[in-house]
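Subject: Structure handover

Hello,

Here is the structure I promised to pass on. Please open it alongside this note.

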Amino acid sequence: MSEERLSFQAEVSRLLDIVAHSLYSEKEVFLRELISNASDACDRLRYAALTDGSLLGDDRDFKIRIVADKDAKTLTLIDNGIGMNRQDLVDNLGTIARSGTSAFVKNLSGDSKKDVSLIGQFGVGFYSAFMVAEKVEVFSRKAGEATGWRWVSDGQGSFTVAEDEAAPARGTRIVMHIREAETEFLEEHRLRHVIKTYSDHIAVPILLGAETTDSVNAANALWTRSKSEITEEQYKEFYHHVGHAFDEPWLTLHWRAEGVIEYTGLLFVPQQRPFDLFDPRRAHHVKLYVRRVFITDEAEGLVPPYLRFLKGVVDSEDLPLNVSREMLQNNPVLTKLKAGIVKRVLGDLNKKAADPEQAADYARFWDAFGAVLKEGLYEDYAHRDDLLKLLRFRTTESKGELVSLATYISRMKEGQDAIYYITGDEKSAVEKSPQVEGFRAKGVEVLLLTDPVDEFWVGSVRETDGKPFKSVTRGGADLSKIKGEEKPEDEKKDKASDGDLSALTALLKLTLGEEVKDVRRSERLTDSAVCLVADDGDMDIHLQRLLKQHGQ
Ligand code: ADP
Ligand code: MG
């Protein structure tokens with residue numbers, strides 16, 4: 001087949017434009033990205049070979065080789081992983097297939113400074129090769145297929161693909177034609193240092209030089225090493241690799257379980273929200289291994305959706321190696337793994353949450369992932385109590401700080417028997433809403449619930465510690481029974497007599513007619529003249545609005 005020229009997907013072109021023209025300071029990360037891909041490719045072939053042993057042929061030892069040629073000014077990276085055929089090359093190296101990408105591209109502002117920092121968070125994977133190379137050639141042959149292919153691009157709008165017998169017998173060879181300004185990446189000591197820094201955790205041996213047989217990295221799976229042998233840097237780099245993440249982990253959990261089931265978990269809670277956090281699929285990002293062999297990163301049921309922010313690996317000793325991805329779903333071992341993960345993660349989050357010294361740190365986690373965690377309140381009844389302890393709120397009295405339910409309850413006023421809340425889209429709006437005036441005047445704290453998910457869990461949880469959750473936009477909230485701190489200026493306000501008011505309410509009822517169910521005198525207002533409330537048995541006002549938006 002003759003050479004074909006194809007255009008990059010528009011998103012890729014935008015990305016490449018930023019990559020090539022921005023002064024992204026850590027250019028060396030391109031090597032980490034390419035090694036990470038090569039290692040993934042070996043993992044994928046190891047898995048495929050479980051069901052089709054012939055895919056490996058007599059080339060059974062996975063490795064990644066890196067060769068610099070100072071005369072030709074090329075840096076070459078070779079792996080004997082799964083390889084790519086023509087379609088794979090076009091799909092994988094011409095588009096951005098990763099979920100969350102459209103969200104990411106939408107976030108690009110055109111302001112190069114901001115975009116560079118965004119790219120730092122998102123990572124550009126394979127395309128980062130163009131930070132140091134003016135031309136990239138990818139020779140590849142997919143395991144089990146006869147035809148080899150060559151993909152070539154200068155990173156400017158298009159690439160070519162053609163059949164090429166110069167492709168490796170199996171796997172991928174990437175040849176980077178290094179820019180004049182970046183020839184430091186042809187120096188062996190520089191390369192060695194970069195590999196050590198970013199890729200030591202890679203489980204496949206990385207060989208530097210055309211002939212060497214000694215690997216630069218330790219070449220065993222990081223999670224199999226004991227904690228005391230792993231530095232924080234290594235954990236971080238592993239997190240970047242396994243999570244396709246670029247921030248620092250907020251929390252690292254590394255444990256080995258021995259008992260009913262045997263497994264190792266190495267999980268990370270990120271610092272930053274990934275771009276696909278609110279993707280409707282609600283997929284998690286924990287990779288499942290069985291005795292060091294990568295099985296899948298889509299093991300449904302391994303991690304509940306409300307913990308989908310977790311990244312990392314779980315390596316089981318009990319699942320059969322030949323477990324198909326389909327068979328996993330109802331596997332009892334998977335159910336036990338999930339129970340172990342949930343217990344461990346909620347336990348460690350609770351330790352953080354309960355420690356007053358770590359309140360600021362926990363607040364960062366809460367602001368990133370609290371809205372997701374709350375989904376567990378109605379999806380995982382068994383862990384509801386653990387989850388309730390993790391909840392934090394901004395309230396009418398908290399001055400922007402986060403408050404736990406225990407703190408709220410300890411501050412309840414005499415005669416107050418409910419936990420009051422108001423829901424809405426924005427904190428500043430709900431805070432000022434007329435429905436909270438009376439509560440504020442009495443110093444009765446009101447939770448400000450501004451995540452869309454809030455409507456659902458308050459409706460489902462209903463009460464905690466014997467205290468019901470009550471919306472201040474409902475008629476039943478009876479403020480007169482609560483002994484608040486009457487604020488002095490209230491007393492100075494003119495109090496209308498009941499007589500005046502009944503004439504007014506009668507007039508309002510007459511005027512509004514069918515538009516309202518009732519017009520009542522209220523204790524809850526201090527500054528505003530009127531406010532809308534829902535009747536006790538009726539749907540909360542914000543929920544009515546939410547459902548209307550969704551056409552219900
Ligand atoms: P990501 O690794 O996050 O998927 P990349 O841009 O790094 O994104 O890589 C894009 C895709 O290209 C990979 O998902 C993989 O399918 C393919 N790919 C890249 N490098 C290789 C390789 N060495 N061997 C096989 N496939 C590869
Ligand atoms: Mg990658």
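Below is what I found in it.

This is a predicted model: local features need pLDDT of at least 70, side-chain atom pairs count only at pLDDT 80 or more, and totals for chains, interfaces and linings use all residues. Residues are numbered from 1 along each chain as its sequence is written, and chains are lettered from A and ligands numbered from 1 in the order in which they are written.

**Overall**

The chain has 19 helices and 18 strands. Both are DSSP runs, numbered from the N terminus: helices are H or I with at least four residues, strands are E with at least two. The C-alpha trace spans about 100 × 55 × 40 Å along its principal axes. Of the 552 residues, 36% are buried (20 or more other C-beta atoms within 10 Å of a residue's own, with C-beta atoms placed from the backbone). Take the contacts with a separation of 6 or more: 73% of them join residues 24 or more positions apart. A contact means C-beta atoms, placed from the backbone, within 7 Å.

**The five-stranded sheet**

One open sheet runs β14-β16-β15-β18-β17, with mixed pairing. Strands pair if DSSP finds at least two bridges between them. β14 (394-395) and β17 (463-464) are the edge strands; each has a single partner, so one side of each lacks a neighbour in the sheet. β15 (residues 419-423) and β16 (residues 446-449) pair in the parallel sense over four bridges. Tyr-420 has Val-446 of β16 as its bridge partner. Helix α16 (residues 454-461) packs on this sheet. It touches β15, β16, β17 and β18 (467-471), and its direction makes about 150 degrees with that of β15. Axes are lines fitted to C-alpha atoms, for helices over the stretch in contact; angles run from 0 to 180 degrees between N-to-C directions.

**α2 against α6**

Helix α2 (residues 29-51) packs on helix α6 (residues 188-199) at about 65 degrees, axes 9 Å apart. From α2 come Val-29, Leu-31, Arg-32 and Ile-35; from α6, Val-194, Ile-195, Tyr-198 and Ser-199. These contact residues divide into six nonpolar, one polar and one charged. Nonpolar covers Ala, Val, Leu, Ile, Met, Phe, Trp, Tyr, Cys and Pro; charged covers Asp, Glu, Lys and Arg; the others, Gly among them, are polar.

**Ligand 1**

Helix α2 returns here: it gives four residues, the largest share of the shell around ligand 1. The shell holds 16 residues (C-beta atom, placed from the backbone, within 6 Å). Asn-37, Ala-41, Asn-92, Gly-125 and Phe-126 are the closest. By class, the shell has six nonpolar, seven polar and three charged residues.

Best wishes

Terms used. Contact = placed C-beta atoms within 7 Å. Buried ≥ 20, exposed ≤ 12 C-beta atoms within 10 Å, placed from the backbone.
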